[in-house]
Amino acid sequence: MAESEPQLTFDTLVSLCKRRGFVFPGSEIYGGIGGFWDYGPLGVEMKNNIKRAWWESMVQERDDIVGIDAAIVMNPRVWEASGHVAQFSDPMVDCKSCKHRFRADHLDGNVCPDCGAVGQFTEARPFNLMFKTFVGPVEDTASQVYLRPETAQAMFTNFDNVVTSMRRKLPFGIAQIGKSFRNEITPGNFIFRDREFEVMEMEYFCKPGTDQHWLDHWVEERLNWFKSLGVRPENLRARAHEKEELSHYSTGTYDIEYRYASMGWSELEGVADRTDFDLSRHSEYSGKNLTYFDEESGEHIIPYVVEPALGVDRCFLVMMYDAYEEEKVRDETRVVLHLNPAIAPIKVAILPLSRNEKLAPLSRELYAALRPHFMTQFDDAQSIGRRYRRQDEIGTPLCVTVDFDSLEDNAVTIRERDSMEQSRVRIEELVAALREKLGD
Ligand code: GAP
């Protein structure tokens, strides 16, 4: 895309997402609630498409990975074993003057960014990011549980169940998509950092000593997945973590970073070598044997784990950024989302040329005929040009126009979002033609 294009700001994106029904601020009529967002009618379609594409590539198209869907609330001992109770925290300081709280590692100097007081910060204290709640009728420490901050732990606690029930041999993976919760101190940048978000995680169990190979392999695989969905390669890179950045369970991690127009290179996905940390700790804390019998060597081993972990919301944000274009068409600006058809919320729009009642029956008939095949929208309000623009702005790859000739020749026009090219297709061939153009 040309260098001269305007950069997409957060404000423009947030406004488009709200105006067109992708993402709304959570609990908006009550003034919102920081770090929580609601996906609207188009947003939920796109989010489901992202999850489906990930699941297909991770589980359906492979024979070495299976899926699970575990409970969000787990026995609290899980989080002691995983190290999250002791170590999943950020350093916090309070401003003694205005009482506001900040992440110590996000402050530039000694001056409060809210009230300007100098030298008024308290000592940094760790603040655990896990949300707490209670199970049962008594609210005491014995009934306290956590909302999971990652889905990964259920893949470790179910390791033996999966090996046994699915007769798995190393290397193999367990995948899961689900909600995670973190009481982030500074949520923000729209859906980049939320307090409630969804992750797509896969734990790949392998023999000790092969983990570096699988780490490199999965970094490559994940980069290729984004590229296969049309994310521009020049906006993607893999960056190895510095030692001090590593999570408590990892000896080596790569961030797959994206060049966000508004904030530069930042994390999109993490690919971590979690070693045998989790399985070892769960063996120790639960007293259950979580080893794997290696028939080749005749030994019981604790597998190593390589984990690609991608936030659905962050992936959604990246797809929006990467697809957005303001294009000059004659003396107008056309806003278009060049979303991959697999990700686009609406695949096809039926647009009668006008609201003339002669066009209505055939248009409605086609709308009903296409709905079982594709997520389809019908729109007959305003001029055809404005309706094309509306579909461009939500990333609909194909529009089908019904005109007066259609009533005579049983054919309609397909208009393509990216090229704006139009072609005439016979109605009985419409589904097949649309399917082909969508790459379905
Ligand atoms: N199980 C590994 C793990 O939890 P992480 O790097 O903390 O690793 C994985 O999180 C991914 O989840 C991140 O790369 C990001 O895409 C997403 N993510 C993490 N925290 C998030 C938040 N507060 N809001 C939205 N997405 C988040």
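First, the ground rules. The model is predicted, so local features need pLDDT of at least 70 and side-chain atom pairs count only at pLDDT 80 or more, while totals for chains, interfaces and linings use all residues. Residues are numbered from 1 along each chain as its sequence is written, and side-chain values use heavy atoms, with hydrogens and water left out.

Now the ligand. Around the ligand are 20 residues, where a residue counts if one of its heavy atoms lies within 4 Å. The closest are E150, R182, E201, E267 and L268. By type, the shell has eleven charged residues, seven nonpolar and two polar. Here Asp, Glu, Lys and Arg are charged; Ala, Val, Leu, Ile, Met, Phe, Trp, Tyr, Cys and Pro are nonpolar; the others, Gly among them, are polar.

Which strands each supply at least two residues of that shell? They are β10 (196-206), β13 (264-275) and β16 (304-311), with the largest share, five residues, coming from β13. Strands are DSSP runs of E, at least two residues, and helices are runs of H or I, at least four, numbered from the N terminus.

On polar contacts, meaning N or O atoms paired within 3.5 Å: a nitrogen atom of the ligand is 2.9 Å from a side-chain N or O atom of E184. E307 also places a polar side-chain atom 2.9 Å from a ligand nitrogen. F192 uses a polar backbone atom, 3.5 Å from a nitrogen of the ligand. The protein covers 90% of the 550 Å² of accessible area that the ligand has on its own, by the Shrake-Rupley method with a 1.4 Å probe.

Next, two backbone points. L170 and P171 are joined by a cis peptide bond, with omega about -10°. P171 is in the loop between α6 (159-166) and β9. K99, in the loop between β4 (89-94) and β5 (101-103), has a positive phi, near 75°. For background, most residues other than glycine have a negative phi, and most peptide bonds are trans.

How values were computed
Polar contact = N/O pair within 3.5 Å; in protein donor to acceptor, adjacent residues only side chain to side chain.
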